[in-house]
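I'll jot things down as I look them up.

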Amino acid sequence: MTTLHQEHSEHATHSHGPDCGHHAVPHGDHVDYVHDGHLHREHEGHWDECEPAGHAVHEGHEHVHHDECGHAQVPHGDHVDYLHDGHRHAEHEDHWDDH
């Protein structure tokens, strides 16, 4: 799975960090911040939208996420991702995707 490079040009007035008030989400080799229903990551002096390219099914995901499953919920566009085992999982049709 690769990540699209889409600069968030309207993000110049706010710098994310540990005390910015937005939810921090570990994501591979960086940290995403949830802001306005999408995820931002710092990249070479600017902020990018952090969106996976393609479709990555999370194989062997037996756990069913829901409002009271105990995993952090992250609003993400038109759905909710759940933080689980260092990944963001999103329900998709009859399986869970790895974001």
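Here are my entries, starting with some ground rules.

**Ground rules.** I'm working with a predicted model, where local features need pLDDT of at least 70, side-chain atom pairs count only at pLDDT 80 or more, and totals for chains, interfaces and linings use all residues. Residues are numbered from 1 along each chain as its sequence is written, and side-chain values use heavy atoms, with hydrogens and water left out.

**Whole chain.** I looked up the secondary structure and found 0 helices and 11 strands. Both are DSSP runs numbered from the N terminus: helices are H or I with at least four residues, strands are E with at least two. Reading along the sequence, I get β-β-β-β-β-β-β-β-β-β-β.

**Surface and contacts.** Of the chain's 99 residues, 37% count as buried (under 20% relative accessible area, 1.4 Å probe, protein chains only). The accessible surface is about 6,200 Å², with 45% of it belonging to carbon and sulfur atoms (Shrake-Rupley method, 1.4 Å probe). I also checked contacts (heavy atoms within 4.5 Å): among those between residues at least 6 apart in sequence, 44% join residues at least 24 apart.

Which order do the 4 strands of the open sheet take? I read E8-E9-E10-E11, with antiparallel pairing (two strands pair if DSSP finds at least two bridges between them). E8 (73-76) and E11 (95-98) sit at the edges with a single partner strand each, so one side of each has no neighbour in the sheet. The twist averages 40° from one strand to the next (axes are lines fitted to C-alpha atoms, and angles run from 0 to 180 degrees between N-to-C directions).

**Zooming in.** E8 and E9 (residues 79-84) run antiparallel, joined by 4 bridges. I looked up Val74 and found that its bridge partner in E9 is Asp81.

Key:
Buried < 20%, exposed > 50% of the residue type's maximum accessible area, 1.4 Å probe, protein only.
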